[in-house]
Amino acid sequence: MLDDPTRGPIVGEQYKNEARFLRAWFYYCLLRQYGPCVLLGDEVLPGDLDRDDVKMNLPRSSYDECVDYIVGELDDMIDNNRLPLHFTVQADKDYGRATLAMCMGLKSRVLLLAASDQSSGNADTIMVASTGEAAMSSVSLVDAINILLINIFSALATGGAIVASQYLGREDNKRANVAAKQLLLVTTAMSAFIMAVCLIGRNPILDLIFGKIEPEVMDNCRVYFFWSALSYPFLAVYNAGAALYRSMGNSKVSMLTSTLMNAINIAGNALLIFGFHMGVAGAAIASLFARMVGAVLITCLLRFKPHVIQLEAVF
C-alpha cells in the first residue's frame with residue numbers, strides 16, 4: 001500500500017508516521033496497564049517463532065526506557081512536523097487520524113503518568129527490578145488493581161470536596177465542615193471494607209484476575225497485594241484531605257505532602273530492597289509507611305491548623 005505510486009510520497013510518509021503514532025499509543029497503553037514492557041522498536045518478529053526461541057523471552061525494558069522511547073518517537077514527529085497539526089481539508093473524511101496535536105496530547109499523558117506515584121507505582125517497579133523479573137512482573141500486575149482502586153478513591157474524594165466547595169461558595173462554613181467530616185468518614189469506611197475484602201479474598205481475587213501465571217510471580221503478587229491492601233485506608237484518607245485542601249484553594253499543602261510521601265517511599269524502597277533485601281515486600285511496606293505518614297499529616301493539618309474547613313473531631 002505504501003509503495004502504491006498513485007498515493008504519492010507525501011501520503012506514504014503520512015501513513016508511516018500515523019503508524020508510529022499508533023505504536024507509541026499502544027506502548028503507552030501497555031505501560032499504563034502492566035508497567036515496563038518489551039521494546040522492539042522497528043524490529044519485526046516472524047509469527048511462527050517457537051516458544052523457546054530467545055526472541056520469545058526477551059527481558060522487559062526499564063520504566064524509564066519505555067517512557068523515553070515513547071516520548072522520543074512523539075518528539076521526532078512534533079519537532080519535524082511529520083504529521084498535519086490538524087485537518088482542515090476533508091475534515092469529515094480525515095476525522096480521527098493522527099495529528100501533531102494528538103502527538104502533543106499523548107506526550108503530556110505519558111509524562112503525567114511517569115510523574116505520578118499514585119497511578120503508575122513506577123518507583124516500586126524501577127527499584128524492585130534489581131531483584132528479578134518475577135518481582136518486577138508481580139508489582140506491575142498488582143499495580144493494575146491498585147490503579148483501579150486509586151481512581152475510585154480519587155473520584156469519591158473529588159465528589160465530596162465538590163459538596164464542601166458548594167457550601168464554601170455560599171459562605172456556609174458550618175455545613176462545609178460537616179461535609180468534610182462526612183467525606184472522611186465515608187472514605188475511611190469504604191476503604192476499610194475494600195481492604196478487608198482484599199485481605200480475606202486475596203488468593204481467589206488474584207487467581208480470578210491473573211489466572212495461570214508462573215508460581216514465583218504469583219507468590220510475589222500475593223505478598224505485594226497483602227501490603228498494598230493494608231495501605232488502602234491511608235491512601236483514601238490522604239486523597240480526601242488533599243481534595244478538601246484543593247476545594248479551599250490551597251494546593252500547596254497537597255503538593256508538599258505528596259512530595260514528602262514520594263521521598264519517604266523512595267528512601268524506604270532503597271533501605272528495604274537494597275539494604276534488607278526484602279524484595280516486593282520491602283517495596284510495598286515502604287509505600288504503606290509513606291501513605292500512613294501522608295494520611296496522618298493531612299488529617300492533623302485539617303484538625304489543628306486554622307482553615308475555612310477545620311475538623312473539630314474526626315469521629
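Me: Is Arg20 buried or exposed, and what is its relative accessible area?
Reply: This is a predicted model, where local features need pLDDT of at least 70, side-chain atom pairs count only at pLDDT 80 or more, and totals for chains, interfaces and linings use all residues. Residues are numbered from 1 along each chain as its sequence is written, and side-chain values use heavy atoms, with hydrogens and water left out. Buried means under 20% relative accessible area, exposed over 50%, and partly exposed in between (1.4 Å probe, protein chains only). Arg20 therefore counts as buried, its relative accessible area being 19%.

Me: Which residue meets the side chain of Arg20 in a salt bridge?
Reply: A salt bridge is a side-chain nitrogen of Lys or Arg within 4 Å of a carboxyl oxygen of Asp or Glu. The N to O distance of this pair is 3.1 Å. The partner of Arg20 is Glu73.

Me: How many residues apart are Arg20 and Glu73?
Reply: Helices are DSSP runs (H or I, at least four residues), numbered from the N terminus. Arg20 is in helix α1 (residues 8–34) and Glu73 in helix α2 (residues 63–79). The pair links distant parts of the chain, 53 residues apart.

Me: What is the N to O distance between Asp207 and Arg222?
Reply: Asp207 is partly exposed, with 38% relative accessibility, and Arg222 is partly exposed, with 21%. Their side chains meet in a salt bridge, and the N to O distance is 3.5 Å.

Me: How many salt bridges are found in the whole structure?
Reply: The pairs discussed include Arg20 with Glu73 and Asp207 with Arg222. A search of the whole structure gives a total of eleven.

Me: What is the phi of Asn81?
Reply: Most residues other than glycine have a negative phi. Asn81 sits in the loop between α2 and α3 (91–94) and is exposed, at 58% relative accessible area. Its phi is positive, near 50°.

Me: Where does His277 lie?
Reply: His277 is not a glycine, yet its phi is positive, about 55°. At 65% relative accessibility, His277 is exposed. Its location is the loop between α12 (251–275) and α13 (279–304).

Definitions and conventions:
Helices (H or I, at least four residues) and strands (E, at least two) are DSSP runs, numbered from the N terminus.
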